[in-house]
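Trainee: I have a model open on my screen and would like to learn how to read it. Could you take me through some features, one at a time?

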Amino acid sequence: MNLLEKHFDLAFAAPDGIQKLRELILTLAMQGKLVPQDPDDQPASELLKEIEAEKQRLVKEGKIKQPKPLPEIKLDEVPYKLPKNWEWVRLGSISTKLTDGSHNPPKDSGNGYPMLSSQNVNFGKIDFLSPSRHVSEEDFHVENKRTNISPGDVLLTIVASLGRPAVVPHDAPKFVLQRSVAVIDTPISPDFLCKQLGSPLCTDYYLKHGKGTAQKGIYLGKLSEMLIALPPLAEQHRIVAKTDRLMARCDELEKLRAERNQKRITIHTAACDRLLTAKESDDFSTAWRFITQHFGELYSVKENVAELRKAILQLAVMGKLVPQDPNDEPASELLRTIKAEKQKLVREGKIKQSTPLPEIKIEEVPAQLPQGWVWGKIDTIVRSLKNDIRTGPFGSSLHKADHRTEGIPVWGIESINKNGSFSGKNKIYVSAEKAEELSSFRVQGGDIIVSRSGTIGELCQLPDDAPYGLISTNLMKISLDKQVMVAGYFCLLFKGARSINAQLTELCSGSTRLFLTQAILSKLLFPIPPLAEQHRIVAKIYQLMALCDHLDHQIDAAASKQTTLLNAVMAQV
């Protein structure tokens with residue numbers, strides 16, 4: 001036991017160490033290894049005789065029904081050897097009440113007595129303030145006949161989240177239960193039983209005997225057969241007291257770790273904000289120097305690595321990630337050249353004249369850009385606005401009758417990985433004939449697909465070797481003019497630019513569901529750097545994201561090492 005207490009610091013260091021420590025404490029408690037045995041304690045065998053006598057008295061008085069006989073405990077069922085004066089028993093044999101709540105709950109009365117479900121019971125705590133429903137006085141008396149709950153009874157969740165126990169406190173209001181919660185009355189210490197029901201000994205039993213797919217549940221009959229390690233009553237009280245002290249230390253550790261991590265997150269957030277809002281180079285350098293000086297400590301928390309990724313993307317689109325080169329052709333000159341080329345193609349009849357968009361006004365500009373950059377709209381960065389922005393087919397153009405198990409793929413939101421890469425997954429195929437009919441919705445290697453509903457702005461570029469396919473209704477296709485914008489730069493704009501996110505929020509505000517349309521996209525302002533700088537930005541992004549990947553790997557490796565060390569120490573205990 002000294003070894004256990006000595007290595008609380010190991011549990012603090014390992015990611016799930018405190019939870020493992022809690023499980024170890026309960027395991028030791030139920031093996032008789034947490035507190036010393038006292039030979040003067042009344043043996044558990046005598047306690048069992050008293051419990052049986054009490055049950056028979058209640059049967060004679062008509063207060064409980066004669067319980068069904070339980071199977072004898074076989075040797076191969078016993079998981080480990082118990083100390084002297086302990087006994088293996090079945091839960092039903094030490095319970096004077098073992099039932100569940102209502103299988104046909106009454107309608108919610110809006111007020112009255114709380115009716116609790118499994119969501120209200122959680123490892124030693126009962127939430128009476130947010131019940132699943134309330135019942136009337138009349139319904140309460142009907143339901144209470146089934147459970148007759150009293151202070152000191154033990155509640156146990158037996159549907160969905162199995163095995164969360166709690167003792168009904170003495171100041172509990174009157175309440176009833178739904179069938180997802182069982183109620184147990186026992187002559188042994190309810191606090192001891194509560195701890196055992198939440199220990200690995202019992203949680204393993206729930207997992208093994210729980211039935212169902214969407215929501216697992218355990219039947220009362222099977223629950224009553226569960227093995228319980230029963231110590232003398234006096235030792236039960238000593239175990240409860242010792243367990244409470246150790247669990248309180250675990251609570252302290254969790255609080256300390258949460259405070260430490262939150263402090264690191266708060267400091268890192270402030271440093272990143274200073275980076276992103278720095279107006280002078282000295283301010284920027286000071287903020288970056290602070291991050292580098294505390295790099296190891298700040299990036300021991302995954303949340304900070306995630307925020308670093310966001311900061312990198314934001315710095316990129318602010319022109320602060322790579323230096324500007326005065327020899328680069330300014331974006332404004334490039335756009336003039338492209339505009340002249342498009343007008344030439346219109347005159348030659350090779351492309352159609354697109355509807356001109358309004359000039360960008362000074363008051364529309366979200367922020368000042370570096371020298372050589374310009375603000376532009378979508379018509380300046382795609383080949384032809386009408387032909388290069390497409391949304392997937394709607395309505396009757398793609399019926400379920402058109403779906404095939406093979407053929408031409410129809411890419412959907414599942415085609416975009418969370419990291420912004422192309423997954424190649426799809427749920428729908430169509431025939432080659434149908435695909436030809438819907439050829440305007442065709443996408444190919446190099447095109448960008450963007451989610452336009454749900455989580456707006458999830459996007460990826462199709463690799464050059466991506467198979468020819470169509471896009472579904474929840475995607476938008478964008479074909480960039482590669483002379484104006486690099487696809488990698490456009491993708492990081494949507495992922496990291498606060499100005500883009502702010503514009504989307506404003507343009508979509510007021511609608512019940514965010515939905516990206518071509519009209520909204522055409523209003524967005526994009527920061528456009530010189531083409532050469534776009535390439536430098538994308539290269540730098542790849543380099544820095546690889547560093548972030550390495551940081552995540554380091555955190556995982558350190559956590560794995562601490563967990564291995566903790567497991568080794570716990571094995572000794």
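Trainee: Let me begin with an arginine: is R257 buried or exposed, and which side chain of opposite charge is nearest?

Mentor: First, a word on the source: this is a predicted model, where local features need pLDDT of at least 70, side-chain atom pairs count only at pLDDT 80 or more, and totals for chains, interfaces and linings use all residues. Residues are numbered from 1 along each chain as its sequence is written, and side-chain values use heavy atoms, with hydrogens and water left out.

Mentor: Now your arginine. Buried means under 20% relative accessible area, exposed over 50%, and partly exposed in between, using a 1.4 Å probe and protein chains only. R257 is buried but has no salt bridge, and the nearest side chain of opposite charge is E254, 5.7 Å away. A salt bridge needs a side-chain nitrogen of Lys or Arg within 4 Å of a carboxyl oxygen of Asp or Glu. For charge, Lys and Arg count as positive and Asp and Glu as negative, while His and the chain ends are not counted.

Trainee: Where does R257 sit, and what does R257 touch?

Mentor: R257 is in helix α9, residues 233-277. Helices are DSSP runs of H or I with at least four residues, strands are runs of E with at least two, and both are numbered from the N terminus. Leaving out residues up to four places away in sequence, R257 touches A11, F12, A14, P15 and I18. Contact here means heavy atoms within 4.5 Å.

Trainee: How many salt bridges does the structure hold?

Mentor: The general idea is that side chains of opposite charge can pair when their charged atoms come close. The structure holds 22 salt bridges. One of them joins R22 and D251, at 2.6 Å from N to O. This pair links distant parts of the chain, with R22 in helix α3 (residues 17-30) and D251 in helix α9, 229 residues apart. R22 counts as buried at 15% relative accessibility, whereas D251 is partly exposed at 42%.

Trainee: Which parts does the salt bridge between D244 and K195 tie together?

Mentor: The side chains of D244 and K195 meet at 3.0 Å, N to O. D244 lies in helix α9 and K195 in helix α6 (residues 190-197), so the pair ties together parts that are 49 residues apart in sequence. D244 is partly exposed, with a relative accessible area of 39%, while K195 is buried at 17%.

Mentor: Another salt bridge to look at is D552 with R309, whose closest N and O atoms are 2.9 Å apart. D552 is in helix α19 (residues 531-572) and R309 in helix α12 (residues 302-317), so parts 243 residues apart in sequence are tied together. D552 is buried, with a relative accessible area of 17%. Salt bridges that share partners also join E54, R57, E61 and K63 into one network.

Trainee: How many disulfides are there?

Mentor: A disulfide is a covalent bond between the sulfur atoms of two cysteines. The cut-off used here is a pair of cysteine sulfur atoms within 2.5 Å, and the structure holds zero disulfides. For C202, the nearest cysteine sulfur is that of C194, 11 Å away. C202 is buried, with a relative accessible area of 0%. For C272, the nearest is that of C548, 10 Å away, and C272 counts as buried at 7% relative accessibility.

Trainee: Now the strands: what is the order in the open sheet of four strands?

Mentor: Strands of a sheet pair through backbone hydrogen bonds, either parallel or antiparallel. Two strands count as paired if DSSP finds at least two bridges between them. The order is β2-β10-β7-β8, with antiparallel pairing. β2 (97-100) and β8 (165-167) stand at the edges, each with a single partner strand, so one side of each has no neighbour in the sheet. β2 pairs with β10 (residues 181-185) over four bridges, and L98 stands opposite I184 in β10.

Trainee: Which helix lies across β2 and β10?

Mentor: Helix α5 (residues 137-147) does, running at about 135° to β2. Axes are lines fitted to C-alpha atoms, for helices over the stretch in contact, and angles run from 0 to 180 degrees between N-to-C directions.
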